[in-house]
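Me: I have a model open and want to go through its packing with you. Can you take me through it piece by piece?
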Amino acid sequence: MAETIKVAICDDSDAVRGNLVRILSLEKDIQVVGEAANGYDGVALVNSAKPDVVLMDANMPVMNGIQATEKITTDNQDACVLIMSAEGTQDYLRQAMVAGARDYLVKPFTSDELVMAIKRAWERELARRSKEGGARSSRAAIPSRIFAVYSPHDGAGKTTIATNLAVCCARDLRLQSSLVDLTLQFGDVDLMLNLEPANSLEDLLSQADTMDLPLLERCMVTHNSGLRVLAAPLRPHYSEAITAYSVETLFRLLRHTYEVVVVDADSNLNDTTLVALDSSDVILLVLTLDLPSIRNGKRTLEVMRSLHYPEEKIKLVLNRADSRMGVTAEEVADALEHPVLSHIPSDGRVVVTATNTGQPFVATEPTSRCALAVKSLARELLGAHVPEVAPSKASEPTGMRGLLQNLLRAR
């Protein structure tokens, strides 16, 4: 931890601010660098004093604390804001986290709770900066991007696309990449990558109130491509403990930690799926060339438009696209009134073999039509060249028998 943590206090009550100053003045490693009585002045104070941690009351005149927090964290992603409020409801927590707050203190709180929250938030921030610093210094800065891979029905191949896209970003683009399996009840990302995670989303999100980078890293597993993977709960009923608030907290942490985050989103438009879609920069809507899929795609687009998602945020991906299906990509684009970004060709031998061995085809069959299509998709999404490099040395495929043994042990 730094020698002194610089703290700014934003609260409309003179008495509260005075009390907070007195408490923090007793801490040798904390220094109060300024006070503000409304949200507007709080934003100006942060811009001028550059504090390490901001204590922000939720209810203030001129500009309330939630609005001020959003302004501060939008202008400075490194800002470490702690919201204070007498309201401790889920709705208030959600608003605070969406605005970018790192923690939430419910009034009245004790001196120890206040000091601990400040120090914990600053420790997390230092850990995040340390994690990011070395890896990003060797190349031009790349904005963090979250890609939610979604299909309104099972069987469209969204998990195949999500896993191969994520491996491509990690292996070929050499980006700090992570993959989150948000198909909470029956996720297969670990199976598709032949991984045996000891922990999962359930272990992480059950501790949402204390979630930090070290905990996140303990719950993830590394694929041989360098991709970091957060698996779905290992038992379907574990998914019941996962809330929208905890998923929002997760995405804020992932965005501050990884350059690319790929999400295998659940087909059900439940609260957690909507959080993933809300949090993402791009939604990859995966459809196949059959009428039920196209009709469901049209309904999904209507829902997304009703949620006021920008048209450019939604990208259509046609999987198993083959002209022999009787429907063309142009006809799909016309029917849905939305352009098609990518076509992933049908290549059953390559895809089925990759699935059954737990080896993504972008690594094992890098020149196959489907692998080249995924690499082209990565270029479209990231505006980056995907070099044609020889596959890195990876562990040999275990084959169907070994994969089944792993599956039985894990499940």
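**Cysteines, sheet and helices**

Reply: Cysteine 219 is buried, because its relative accessibility is 4% (buried is under 20% relative accessible area, exposed over 50%, partly exposed in between, with a 1.4 Å probe and protein chains only). The model is predicted, so local features need pLDDT of at least 70 and side-chain atom pairs count only at pLDDT 80 or more, while totals for chains, interfaces and linings use all residues. Residues are numbered from 1 along each chain as its sequence is written, and side-chain values use heavy atoms, with hydrogens and water left out.

Me: And cysteine 370, buried or exposed?
Reply: Cysteine 370 is buried, because its relative accessibility is 0%.

Me: How many disulfides?
Reply: The count is zero, where a disulfide is a pair of cysteine sulfur atoms within 2.5 Å.

Me: OK, the sheet. What is the strand order?
Reply: The order is E8-E9-E7-E10-E6-E11-E12-E13, an open sheet of eight strands with mixed pairing. Its edge strands, each pairing on one side only, are E8 (221–222) and E13 (340–345). Strands (E, at least two residues) and helices (H or I, at least four) are DSSP runs numbered from the N terminus, and two strands pair if DSSP finds at least two bridges between them.

Me: Which helix packs on that sheet?
Reply: Helix H11 (residues 271–279) does, touching E6, E7 (177–182), E10 (260–265) and E11; contact means heavy atoms within 4.5 Å. The direction of H11 makes about 135 degrees with that of E6. Axes here are lines fitted to C-alpha atoms, for helices over the stretch in contact, and angles run from 0 to 180 degrees between N-to-C directions.

Me: How do E6 and E11 pair?
Reply: E6 (residues 145–150) and E11 (residues 282–288) pair in the parallel sense over four bridges. Alanine 148 has isoleucine 283 in E11 as its bridge partner.

Me: Why is E7 called largely enclosed?
Reply: Because six of the six residues of E7 are buried. In a regular strand, side chains alternate between the two faces of the sheet. Here Ser177, Leu179 and Asp181 are buried on one side of E7, and Ser178, Val180 and Leu182 on the other.

Me: What does E7 pair with?
Reply: E7 pairs with E10 in the parallel sense over six bridges, and leucine 182 is partnered with alanine 265 in E10. Three bridges join E7 to E9 (residues 228–230), also parallel, with valine 180 opposite leucine 230.

Me: Aspartate 264, buried or exposed?
Reply: Aspartate 264, in strand E10, counts as buried because its relative accessibility is 0%.

Me: What does its side chain make polar contacts with?
Reply: The side chain of aspartate 264 makes one of 2.7 Å with the side chain of lysine 158 and another of 2.7 Å with the side chain of threonine 159. A polar contact is a pair of N or O atoms within 3.5 Å; within protein, one must be able to donate a hydrogen and the other to accept it, and residues adjacent in sequence count only if both atoms are side-chain atoms.

Me: Switching to H2. Which residues are buried there?
Reply: In H2 (residues 39–49), Gly39, Gly42, Val43, Leu45 and Val46 are buried. They fall within an arc of 160 degrees seen down the axis, so they line one face of the helix; the arc is that of the directions from the helix axis to the C-beta atoms. Tyr40 and Ser48, on the other side of H2, are exposed.

Me: What covers the buried residues?
Reply: The cover includes strands E1 (5–10), E2 (30–36) and E3 (53–57) and helix H3 (65–75).
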